[in-house]
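Q: I have a chain open on my screen and would like to talk through a few parts of it. Could you go through them with me?

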Amino acid sequence: MRPFVFEAHIPRTIFGQGTLKQVAAEIERLNCKRVLLITQDNERQLALAHQVRDIIGEANVAGICADAVMHTPEEVTTKALAYAQSIKADGLVSLGGGSTVGLAKALAVRTGWPHVAVPTTYAGSEATPVLGETVNGLKTTRSDPKILPNTIVYDVDLTLSMPAFLTFPSGINALAHCVEALYSATINPIIEGVGLSGISQLWRALLKIKDVPEDVDARADALGGAWAAGVCLAHVGMGLHHKLCHTLGGSFGLPHAETHTVVLPHAMGYNYSAAKDAMGKIEHAIGTSEKAPQAFWDFEKKLGTPTSLKELGLKKEDLAKAADIASKAQYPNPAPLDREKLLRLLENAWEGNPPE
Ligand code: NAD
């Protein structure tokens, strides 16, 4: 028997094509009169903010903040908060990937303002009450119901032209949430079903997108899989893979989705024997006769993603420090955490070797 405690907390979710225009009705539903649009300072994301300003109407937009960067540094939040208060904003609309959603979450938890998230990557942050923030170079994570966005608006059109170098690592980041949910100590039947459907959808969708990047049905499946992945991340505890990626991103500045991509087959290999049941279900979901870690490795090769920590810029001398940090932290994981074994995992991931 597997006992569990489960309490669902999933935001109102609008999913479809051309749904961006529904943001206007959603902010009205939340009684917001002067929203702050949050995005990133590049041509694509700024154009999206201007499009949403036209949809909502200038009178209902207090301003645009394009300062979101990865890992939500506190100084960026402080500056954005001062700006938001100076323009008398009363609500937040985030337009972008996990970095943008992160800044909006940081403002929402400080102000209590409603937040409509419009995700444009597969990171899944929009579905979680979790916020990672960086203070003096140290990233810490907290969870609070006020962090969970009120509404998610998924518009598949916003993902159609996402380039391969972003699409595939971001999709594998989402797969990682589903994989670790399946062998989580806090898994329950609902999240197991969500995780397996996310894996199946993402796996097949990413292969189709490799051949036809603007295949609307495949893009919709990838985005739906990302939602499932976010729901998994929100409801059950993650294991070794997420802790390693948190360490590599937070302490060594490695890029988020790419780090998840490189580490995932190795973390799965580490946990394989201790999580046989979950691995069997994953193998069934992706329809492989290989062991799941090897299948993920081959999948990444096929998609052409990065496969080594070396190419992401990690120095070889940092591997021992990363193994120290990851083995010191206490958290549930199917296989016991052993510093020497973790160092070996990291060395393999650094070299770009296949998983053990
Ligand atoms: P990101 O938000 O930094 O986006 C990466 C790049 O892609 C940016 O330059 C962005 O402008 C661009 N971009 C976004 N959408 C695009 C599109 N459709 N087409 C073309 N370019 C596009 O990266 P990310 O991987 O989405 O998010 C990473 C951040 O999210 C990290 O800080 C991570 O810690 C956080 N995160 C948090 C959670 C959580 O639950 N708290 C979950 C996942 C990720």
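A: Happy to, and since this is a predicted model, everything that follows describes a prediction. One place to begin is helix 10, whose buried residues are covered by elements that include helix 5 (164-182), helix 6 (189-211), helix 9 (256-271) and helix 11 (292-303).

Q: Which residues of helix 10 are buried, then?
A: The buried ones are A278, M279, I282, E283, A285 and I286. Looking down the axis of helix 10, these buried residues fall within an arc of 160°, so they line one face of the helix.

Q: Why would residues spaced like that point the same way?
A: An α-helix has 3.6 residues a turn, so residues three or four places apart point the same way.

Q: And what does the face turned away from the buried side carry?
A: That face of helix 10 carries the exposed residues K276, D277 and H284.

Q: Let me stay with H284 for a moment; why does it count as exposed?
A: H284 has a relative accessibility of 68%, and because the cut-off for exposed is over 50%, H284 counts as exposed. H284 sits in helix 10, which runs over residues 276-286, and its C-alpha atom is separated by 15 Å from that of Y183, a residue 101 places away along the chain.

Q: What happens just after helix 10?
A: Just after the helix comes G287, which takes a positive phi of about 65°.

Q: Buried or exposed, for N31 and for T72?
A: N31 is exposed, with a relative accessible area of 55%, whereas T72 counts as buried at 7% relative accessibility.

Q: Switching topic, what domains does the chain have?
A: The domain assignment gives domain 1 (12-159) and domain 2 (164-351), and their C-alpha centres lie 26 Å apart.

Q: How many residues are in contact between domain 1 and domain 2, and what area is buried there?
A: In domain 1, 20 residues are in contact with 25 residues of domain 2, and the area buried between the two domains is about 1,800 Å², with carbon and sulfur atoms giving 67% of that area. On the domain 1 side, F15, Y122 and V156 lose the most area to domain 2, together 34% of what that side buries.

Q: Which strands of domain 1 supply residues to the side that touches domain 2?
A: Strand 1 (12-16), strand 7 (138-143) and strand 8 (151-155) each supply at least two residues, and the largest share of that side, three residues, comes from strand 8.

Q: Last one: where is T305, and what is it in contact with?
A: T305 lies in the loop between helix 11 and helix 12 (319-328) and counts as buried at 10% relative accessibility. Leaving aside neighbours within four places in sequence, T305 is in contact with F168, P169, I172, T261 and E300.

Note on methods. Residues are numbered from 1 along each chain as its sequence is written. This is a predicted model: local features need pLDDT of at least 70, side-chain atom pairs count only at pLDDT 80 or more; totals for chains, interfaces and linings use all residues. Side-chain values use heavy atoms; hydrogens and water are left out. Helices (H or I, at least four residues) and strands (E, at least two) are DSSP runs, numbered from the N terminus. Buried means under 20% relative accessible area, exposed over 50%, partly exposed in between (1.4 Å probe, protein chains only). The arc is that of the directions from the helix axis to the C-beta atoms. Contact means heavy atoms within 4.5 Å. Domain bounds come from an automatic or database domain assignment. Buried area is the accessible area (1.4 Å probe) that two parts lose on being put together, summed over both.
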